[in-house]
Amino acid sequence: MNDSPSRLDLLRFARRVVVQQTAASLAQLDQWIAEEERRETERRQGEQRRPADPAWLIQYGLNRANVDALHVGDCWAAKKSGRCKPVTRQQAIDALVHQVAPCVHCRPEAKLGPHRERLGPQPTPADLKGGARKGPDTNK
């Protein structure tokens, strides 16, 4: 009697091994896909829950007592400095009224809109050209 398996039995065994390995590989792939879907869902939820960037920022000096500049909320220079605090639109206008320097990169004074009436009298074109200067009378 011959105890060795037939060629057909060996082929059926090989098929069972391949099916078993394929099922295990598919299960592992399905697990990886589920984990990645979970991460993607958490990332999207985090983006939705993230508070909006402030519209205006005040940049403080190194000693936190001096106010250095006014920025628009998404200004790269403000993000780089790390010394900014969010303020309201009205506080931003008040900062300009009190001579806080606007950032030269994001130009917040241009983006604040119609606030010029709060800033006091604006120079006329003659003032800018140097025509009508006010000051002490030098004809004495």
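Starting at the N terminus, the elements of the protein chain follow the order α-β-β-α-β-α-α-α. That comes to five helices and three strands, where helices (H or I, at least four residues) and strands (E, at least two) are DSSP runs numbered from the N terminus.

This is a predicted model, in which local features need pLDDT of at least 70 and side-chain atom pairs count only at pLDDT 80 or more, while totals for chains, interfaces and linings use all residues. Residues are numbered from 1 along each chain as its sequence is written, and side-chain values use heavy atoms, with hydrogens and water left out.

Now the sheet. It is open, with three strands in the order β2-β1-β3 and antiparallel pairing; strands pair if DSSP finds at least two bridges between them. Strands β2 (67-72) and β3 (84-87) are at the edges with a single partner strand each, so one side of each has no neighbour in the sheet. Strand β1 (residues 56-60) is joined to β3 by four bridges. Within this antiparallel pair, Q59 has C84 in β3 as its bridge partner.

On to confidence. pLDDT, the predictor's confidence in each residue from 0 to 100, has a mean of 82 over the protein chain, with 80% of residues at 70 or more. Helix α1 (residues 7-49) is highest at 97, and helix α5 (residues 125-129) is lowest at a mean of 49. Over residues 130-140 pLDDT stays under 50, and the model has three contacts (heavy atoms within 4.5 Å) beyond four places in sequence there. Where pLDDT is low, predicted coordinates should not be read in detail.
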